[in-house]
Structure formats: structure tokens, C-alpha cells
Amino acid sequence: MPPVIFLVDMNAFFISCETTRNPSLLDKPAAVAGDPKKRTGIILAPNYQARAFGVKTAMVLYEALRLCPDMLLVPPDHHFYREKSQEVMNLLSCYTPVLEQNSIDEAWLDMTGTEELFGKSEDAAQKIMDEIKCRLGLWCSIGIAENKFLAKMASEMKKPLGITTLWPAEIKNKLWPLPLSAMYGVGKKTAEKLNGLGISTIGELARLDKKYLASLFGKTGLELYEHAHGIDPSPIKPHDEGDMKSIGRSTTLPQDIDDLEKAKVILLELAESIGMTARKHAKKGSVVQITLKFSDFKVFTRQTTVPATNSTKEIYQAGCALLAENWPSHKTVRLIGISLGGLLGNDRSNQMSLFDFYEVQQENNKEEKIDKVMDSIREKYGKGKITRASLIKEKE
Ligand SMILES: [Mg+2]
């Protein structure tokens, strides 16, 4: 089975994050910009309306405002973008356990063998794109290929909201006509050096002799040669949950809340996602921690110890107890988070694949069975489709 690798890249990420909490930015040219008060600030992320005026990332503010005088400017809030990024990664990790985050706004997903769960690759990509749009209000482009390099190149080909394949048979038509400056991993200096040799496209690079490239650029030269031919043996390194010490989920609420019952419903969804990830990786944890962020941005955490578990119900109940004990009476809450820590279990080499996960060994425990059924439904139809009314109603 040839590998299927996705690169999910968020479109105009910073300004799109800002738009989720400030809809007045919608349909107007706007950008996140470093220090808008100074004429020397730079554009960090223009939205697509601003791009239509020729505004680009890293453009000096002064120049950008000359192109688009009515552009709205928002100062950067990196903490908020990291929160949003975590929400994106949480959502993506429901599609595959093998995920490598490449930057704040993109990640590779190993989707090999997920056809049975999500359909063919383009359909799976559409499902991911739709879920990111509906649940997080953000846009993305997705590249689909057999390796990381090609998936990254494919993701750049259609923006915004593009789904692009770059299979081996498509390399000649889709990859080779591109200029070297568009080649992932090629720096300005390398591109200039090659341009000086009369090489301006990836196709021209591909026709160069491998040894010649190695003599010019050393190890990088060999990599250039391989990439130009669509070869990239580098594996996806799930540096996140593979050797995880804890699994955490949090969500920034669309509106601040003061209602404990509402908070419990949200907590259940987060606990479900944690339980699912823990079970997928055959891990159990003994520390449940909740995080609350109040409307004044103060952060509060409390933890409790439980017998090692990966059951949604047990994680949820421990979290609920913490929530009830610590629910504020005079403040509203803008973010709720929960994590399962003190993880024990299989090491990474024994990590279960999505499929092993379905051939789970004999179980006699009812909760485990419920968890398993829930996991498979959520894998198949998306995690928003099913909730456990019984757990919500249950008295603690
Ligand atoms: Mg990106």
C-alpha cells in the first residue's frame, strides 16, 4: 500500500484567528501587523481581501497602507494563535495518531490505510477541511501525496481552501514547471546559486547530475536532487503524542460562560477526545488536571490523582469533580481545558496503528466496550456527531 501523507496548512492563519473573535474584520481588507503605530512595522498576516490589493506577508506597513489605505490592522496576539493552533492539532489528531506539527499553522498527517474509515484521500481531506471550517471557523489548504515533501508542495498549489494531489504521475506536469523559489526547503542563497547556473525551474534542477549537485551543495545537493524527483524518505515524527507525558485538550469558548452545567458538557467533549487518544496509544494516566481561564485572562489549574485509566467516563468524572469544587462565583470563564497526565503504557515502538486499534483484544469491561464503540463512531462520522447524554445526566 503506497503511503498517503497529508499536509494541512491553515490559510492566513493569524488574521483568520482574529476574525473568529472579531467578525467585523470579515469581508474587509485586514491584517495582523507588528506595531501598527509605527510606520516601520511589518505585515505578519494579511487576509485575502488585503492580498487582492497586493499586500503580502513581511511587507513594510508603510508600503502596504499605500496599496490599501483602508486596511484594518490588528496587533499580534501569539498566545491566542497558539491556543487556536492547539485546537486545530486536537481536531487533526482525531483523524490519525501519526501527526507531525511543522509550524504553528501546519501539520503532516500519515493517512495511510484510513480509507476504510474516511473514504478516499480527497474525500477525507474534504471532511477535515469542512470540520475545521465548521468547528473552528478557520480555512485550510490540504496537499496529498506519498511523502512529506510532495504533500507540502501540493498544499501550496491552491489557496485558500484547496485540496491538491501530487502523485508520482503528476510530478512532471505539476511540480517541474515551478520556479526554484517555490521549492520547499530551498533557501534564497541556494536558489540564487542555481539561477546563476541557468537553472530556474524544479524540472531543470531534476535534469542535473546527482554527483554534480552533491559537489556543489554537499548533502543538501543530494536532497535537492531527490526532492526534484519527488523522492523524500523522511518519516513523519509524531513528536507530540508518541512519547507523550500527558494528553491535554482545551477550548476557547465562543462566549464567556458562568454556567457550570454548560461547562460540564464542554468538559465531556474534551474528556472524550483525551480518552480516545489515550486508548489509541494504549496509554493510561493517573493525573487529571483541569485548566480554567477567566474573562480577566487569569489562569487556574487544579489536579487530582485517580487509579490509572483511559476511560472517558473516569476522566470526565474526575474533571467534573474538580470543576464543581472550583467553579468561580464572581467570574466568567473563557477557556476550559483538561489533561490526563502521569501516562504509562506501551512505548512508541508498540504504538497501535488505527487498524490494530479496531482489533482490540478481548474485553469484558462494559465501559471499555462503550469507549470502543464511541471511538469507532467518532472516527467514522466526526467527533461532533455523538455525545453521551447518559454521562451528562448522571449524578456525581
Ligand atoms: Mg503554513
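Entry: The model is a predicted one. I checked the backbone of A12 and found phi near 40°, a positive value in a residue that is not glycine. I located D27 in the loop between α1 and β2 (30–33). D27 counts as exposed, because 10 C-beta neighbours lie inside 10 Å, and exposed means 12 or fewer.

**Entry: the whole chain.** I counted 16 helices and 13 strands in the protein. The protein has 396 residues, and 39% of them count as buried. Among contacts with a separation of 6 or more, 62% join residues 24 or more positions apart. I looked up the confidence next: the average pLDDT is 86, and 87% of the residues score at least 70. Over residues 347–364 the pLDDT is below 50, and this stretch has 21 contacts in the model beyond near neighbours in sequence.

**Entry: α1 against α4.** I looked at how helix α1 (residues 13–21) meets helix α4 (residues 78–92), and the two pack at an angle of about 90° with their axes 10 Å apart. That angle makes α1 roughly perpendicular to α4. Which residues make the contact? From α1 they are F13, F14 and C17, and from α4 they are F80, Y81 and K84. Sorted by class, the contact has five nonpolar residues, one charged residue and no polar ones.

**Entry: A64.** I found A64 in helix α3 (residues 61–67). A64 counts as buried, because 25 C-beta neighbours fall inside 10 Å. Leaving out residues up to four places away in sequence, A64 touches I43, V55, M59 and M71. I also looked up P46, which is 18 residues from A64 along the chain; their C-alpha atoms are separated by 9.6 Å.

**Entry: nonpolar cores.** The largest nonpolar core holds 70 residues, and F6, V8, A31, L109, I142 and A151 touch the most other members. Another core, of 23 residues, lies apart from the largest one, and A271, I290, Y316 and V333 are among its members.

**Entry: helix α7.** How many residues of helix α7 (residues 148–155) are buried? Eight of the eight are, so α7 is largely enclosed by the rest of the structure. I listed them as K148, F149, L150, A151, K152, M153, A154 and S155. I then looked for what covers the buried residues of α7, and the elements include the strands β1 (5–10), β6 (106–110), β7 (140–145) and β8 (163–166). The helices α8 (171–175) and α12 (219–228) are also included in that cover.

**Entry: P160.** I checked the loop between α7 and β8, where P160 is found. The peptide bond from K159 to P160 is cis, with omega near -10°.

How values were computed. Residues are numbered from 1 along each chain as its sequence is written. This is a predicted model: local features need pLDDT of at least 70, side-chain atom pairs count only at pLDDT 80 or more; totals for chains, interfaces and linings use all residues. Axes are lines fitted to C-alpha atoms, for helices over the stretch in contact, and angles run from 0 to 180 degrees between N-to-C directions. Helices (H or I, at least four residues) and strands (E, at least two) are DSSP runs, numbered from the N terminus. Angles under 35 degrees count as roughly parallel, over 145 as roughly antiparallel, 65 to 115 as roughly perpendicular and the rest as oblique. Two residues are in contact if their C-beta atoms, placed from the backbone, lie within 7 Å. Ala, Val, Leu, Ile, Met, Phe, Trp, Tyr, Cys and Pro count as nonpolar, Asp, Glu, Lys and Arg as charged, and the others, Gly among them, as polar. A nonpolar core is a set of buried Ala, Val, Leu, Ile, Met, Phe, Trp, Tyr and Cys residues joined through C-beta atoms within 7 Å. A residue is buried if 20 or more other C-beta atoms lie within 10 Å of its own, exposed if 12 or fewer, and partly exposed in between; C-beta atoms are placed from the backbone. pLDDT is the predictor's confidence in each residue, from 0 to 100.
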